[in-house]
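I opened a notebook for this structure and wrote down each thing as I looked it up. The entries follow in that order.

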Number of protein chains: 2
Amino acid sequence: MPPDLRLNRFLPYRLNILSKKVSLALATRYQERFGLSIPEWRVFATLGQEQPLSSNDIVERTAMDKAKVSRAVNRLVGAGLLDRQPHPHDQRLLRLSFSRKGRELYAQVAPEALAWEAQLLSVLTDAERDQLWALMEKLEQRVAEEIPASTPLSDGLD
Amino acid sequence: MPPDLRLNRFLPYRLNILSKKVSLALATRYQERFGLSIPEWRVFATLGQEQPLSSNDIVERTAMDKAKVSRAVNRLVGAGLLDRQPHPHDQRLLRLSFSRKGRELYAQVAPEALAWEAQLLSVLTDAERDQLWALMEKLEQRVAEEIPASTPLSDGLD
DNA sequence: GTTTTATCGTTTCAAATGAAACGTTGTAAT
DNA sequence: ATTACAACGTTTCATTTGAAACGATAAAAC
């Protein structure tokens, strides 16, 4: 009597595949066009939301581990896209922000990312989009209860 | 004029985080309780669906690359959970199937995985679950159009 | 004020990853 | 038949990974 575990109706499995496909499709874009790796893009996009941010702020917002953030930040600084300054009141913290060049790149990248997403979401009606957000919200909240807070989430493509 | 890219309403980003959380929560379970790594679990669960399967069948069904499948299969065979036999008509193919021990483990693991999923999905009504599947289906189909078929999808937790 | 204790970011190092090369076997072309 | 070509699974190797150790700074305890 085989237990009825059908993988293509098993949420973790399907969610993983969908997430990977979406990530890969998008990543291909900004890798080829802007030379940004996945971790770099994530750090970059996060800074697009709010500035300045410390490395640790980015760790919290992106669910990446701090070693990865550190490396991505270094590459971005090296590429002249970010400014890294010491925090005035706490020498342990970094104040990360876009450089002029970074700001310019962001102005290019962000609209493209949005356009790409819009294209993807175009298969859904407005109502369906709202549903999707609501459903994901519920699931995320539920699953968060099982994870000891502040567990670093390992990688995957984005 | 900053482009309006809000990360927490950006589908690739949220999908990735949700997927990682779900994967991590589940992975923690079967790692601790059954000693299965993520790739191992995936191969194992895939064989739970259908047997026998070649390594390549598993590659197709799981979207893992073949090196990873090869390694996971080796560990599972080494652990005595799988039988690996040469295909009678095509010496290139492997016929992978559960060993007695593997079958017994599966009988333990599968119900737990299902129970865990049920617990996760308990925050949704039946109607919402149907919606979720439908929405994911649409998105996956849409995004698949952008990916050159047979591109191997990189990893993430499951 | 001195001594823990905690936090931030980097670095180290062993393990995992995946693209490409490989050996082997099967298939198609001639 | 022989020769090209393709498919399967393993192995190699350079890169990426993340857990843990680390140095430096700040906060808390005493």
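By what turn and what shift along the axis can chain A be laid on chain B? I found a turn of 180 degrees and a shift of 0.0 Å along the axis, with an RMSD of 0.1 Å. The superposition is by least squares on the C-alpha atoms of residues with pLDDT of at least 70 in both copies. The two copies are therefore related as by a two-fold rotation axis.

**Entry: ground rules.** I am working with a predicted model, in which local features need pLDDT of at least 70 and side-chain atom pairs count only at pLDDT 80 or more, while totals for chains, interfaces and linings use all residues. Residues are numbered from 1 along each chain as its sequence is written, and chains are lettered from A and ligands numbered from 1 in the order in which they are written.

**Entry: chain A against chain B.** I looked up the contacts, where two residues count if their C-beta atoms, placed from the backbone, lie within 7 Å. On that basis 56 residues of chain A are in contact with 56 residues of chain B. Helices H1 (11-34), H2 (38-49), H5 (100-121) and H6 (126-144) of chain A each supply at least two residues of the side that touches chain B. Helices here are DSSP runs (H or I, at least four residues), numbered from the N terminus. H1(A) gives the most to that side, with 16 residues.

I then sorted the side of chain A that touches chain B by class and noted 34 nonpolar, 10 polar and 12 charged residues. Ala, Val, Leu, Ile, Met, Phe, Trp, Tyr, Cys and Pro count as nonpolar, Asp, Glu, Lys and Arg as charged, and the others, Gly among them, as polar. I also noted that 100% of the interface residues of chain A are interface residues in chain B too, so the copies meet through the same surface.

**Entry: H1(A) and H6(B).** The axes of H1(A) and helix H6 (residues 126-144) of chain B come within 10 Å and cross at roughly 35 degrees. Axes are lines fitted to C-alpha atoms, for helices over the stretch in contact, and angles run from 0 to 180 degrees between N-to-C directions. From H1(A), I listed Arg14(A), Leu18(A), Lys21(A), Val22(A) and Ala25(A), which meet Met136(B), Leu139(B), Glu140(B), Val143(B) and Ala144(B) in H6(B). The residues of this contact divide into 7 nonpolar, no polar and 3 charged.

**Entry: H1(A) and H5(A).** Leu26(A), Arg29(A), Tyr30(A) and Phe34(A) in H1(A) meet Leu105(A), Val109(A) and Trp116(A) in H5(A).

**Entry: DNA strand D.** I counted a residue as near the strand if its C-beta atom, placed from the backbone, lies within 6 Å of it. Of the 21 residues around DNA strand D, Gln91(A), Ser54(B), Ser55(B), Asn56(B) and Ser70(B) come nearest. H4(B) gives the largest share of this surface, 5 residues. By class, the surface has 7 nonpolar, 7 polar and 7 charged residues.

Entry: A cis peptide bond joins Gln51(A) and Pro52(A), with omega about -10 degrees. I placed Pro52(A) in the loop between H2 and helix H3 (55-62) of chain A. In chain B, Gln51(B) and Pro52(B) are joined by a cis peptide bond, with omega about -10 degrees. Ala63(A) is not a glycine, yet I noted a positive phi of about 65 degrees. Ala63(A) is found in the loop between H3 and H4 of chain A.
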